Amino acid sequence: MTVLERVSGSLAVGGVPLDRAFAALQRLEPSAHGCYVYDLEQLEGRARRFRAAFAPLGAFSAFAFKANSLPAILECLRRSGMGGEAGSLGELELAEAAGFGPGDRLLNGNGRTLEEAEWVAGHGVHSVNADHVGELDLLQRAADREGRTVRVALRVNPGIVTSGHHYVATGREDAKFGVAPEEALAAWSARTRWPALQVDGVHIHVGSQLLDVGPLEQAVDTALSLADESQHRGAPLSLVNLGGGFGIDYSGGAGEFPLEDYAGRLARRVEARHGPEWVFEPGRWLTAPVGLLLCEVLWIKRRGGLRFVVLAAGMNDLLRPALYHARHRIVPVRPRPGPEEPATVVGPVCESADVFAEGEPLPPLEPGDLVALLDAGAYGATMASNYNGRGRLAELVVDRGRLTRARAGETPADLAARRREDVLEV
Ligand code: LLP
């Protein structure tokens with residue numbers, strides 16, 4: 001969390017001590033050994049800050065559901081004036097269920113399906129980001145059948161290199177996303193081929209966890225020069241979607257993406273232009289710092305000079321460390337007195353990659369103690385799996401001192417209940 005607070009000696013979220021929150025959850029879920037906890041008041045604050053930064057551009061900002069799709073979070077963001085960015089049929093359904101209206105939701109994704117095309121044509125969206133030109137034919141057929149116009153931005157691969165992990169760099173030339181700029185220009189010029197579509201937008205998302213404005217400014221350069229060129233060819237664009245990517249400081253310092261600086265520069269730069277509509281798709285920046293993963297210490301094991309702290313949460317609950325070598329700060333909920341010593345903090349999953357930290361200075365810990373892994377409110381619960389036969393964890397929200405279980409944890413019985421025997425006729 002950006003702000004670490006303690007209440008009566010316990011780490012707290014939104015004024016609620018986490019040891020008491022966990023005890024309350026265990027009364028509902030006796031076998032719970034961990035859970036996610038989010039602070040809605042902090043979330044509202046971040047949504048306000050994000051919208052204020054881009055207000056001079058009159059931008060439409062759509063929260064990327066892939067970062068966090070808990071309905072309580074989505075509804076809070078909607079009430080705070082954010083739109084919703086869906087990347088699949090499931091997320092479109094979540095958007096509708098959370099009250100995002102047709103003009104407040106948009107669709108991304110590079111594997112467009114007939115069902116998604118029919119959904120957007122039937123239910124309505126602000127816009128669809130098409131990942132390649134063939135997709136336009138699919139959208140055209142669906143929109144035509146429904147008698148509705150669907151607005152489309154073409155995702156362009158700008159060939160922009162970003163720092164950070166290879167897996168979250170989406171703008172490089174060999175990444176799977178988007179079309180080449182020249183192909184996009186040709187499609188905009190030929191847009192009368194798709195009369196049920198309004199193909200008048202450009203979409204560029206260069207990557208995630210960006211900490212400096214460089215790559216995003218390059219994206220603006222690319223988008224504006226494409227818009228100029230398209231206008232020159234007789235096909236003006238009226239929508240520029242610059243995606244997400246705004247990073248946070250996982251070390252807890254002040255190194256997060258300079259949002260206001262970037263937004264200010266952009267506003268000054270486009271002041272003179274006859275404005276297109278601006279769209280942003282923030283994910284991590286909004287929710288990562290407002291959530292944590294709380295779990296018990298199961299065991300302490302010492303071997304060959306190493307202190308292993310075995311947590312009840314593992315890589316199936318928070319995949320980022322195993323997948324990207326990401327590091328989340330680890331904080332004991334009630335630190336015991338005593339000197340800090342290095343610890344190798346691991347989960348219980350049968351994989352050597354199930355490691356949250358190595359050489360982490362931590363005070364003495366005992367089985368049953370609670371620890372929090374911070375900044376886990378984005379790409380935490382949404383990337384959780386049932387690997388190793390493990391149920392996904394409960395998710396709790398705190399809203400001005402009120403604690404709610406917003407999603408129940410899965411029990412072994414829930415997993416067993418998914419068994420089906422359906423004879424399929426072939
Ligand atoms: N728009 C598009 C088209 C995206 O693909 C993404 C994220 C976003 C917006 C939101 O990006 P953000 O503002 O959150 O950076 N699982 C990785 C991050 C993957 C990002 C996928 N796309 C992680 O845990 O770091």
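What distance separates the centres of domain 1 and domain 2, taken over C-alpha atoms? The separation is 36 Å. The model is predicted: local features need pLDDT of at least 70, side-chain atom pairs count only at pLDDT 80 or more, and totals for chains, interfaces and linings use all residues. Residues are numbered from 1 along each chain as its sequence is written, and side-chain values use heavy atoms, with hydrogens and water left out.

The protein chain is assigned domain 1 (5-38 + 291-416) and domain 2 (108-282). These bounds come from an automatic or database domain assignment. Contact (heavy atoms within 4.5 Å) links 7 residues of domain 1 with 8 residues of domain 2.

Polar contacts are pairs of N or O atoms within 3.5 Å. A side-chain N or O atom of S208 is 2.4 Å from a ligand oxygen. For Y324, a side-chain N or O atom is 2.6 Å from a ligand nitrogen. R284 places a backbone N or O atom 2.8 Å from a ligand oxygen. On its own, the ligand has 590 Å² of accessible area (Shrake-Rupley method, 1.4 Å probe), and the protein covers 91% of that area.

Notes. A polar contact is a pair of N or O atoms within 3.5 Å; within protein, one must be able to donate a hydrogen and the other to accept it, and residues adjacent in sequence count only if both atoms are side-chain atoms.
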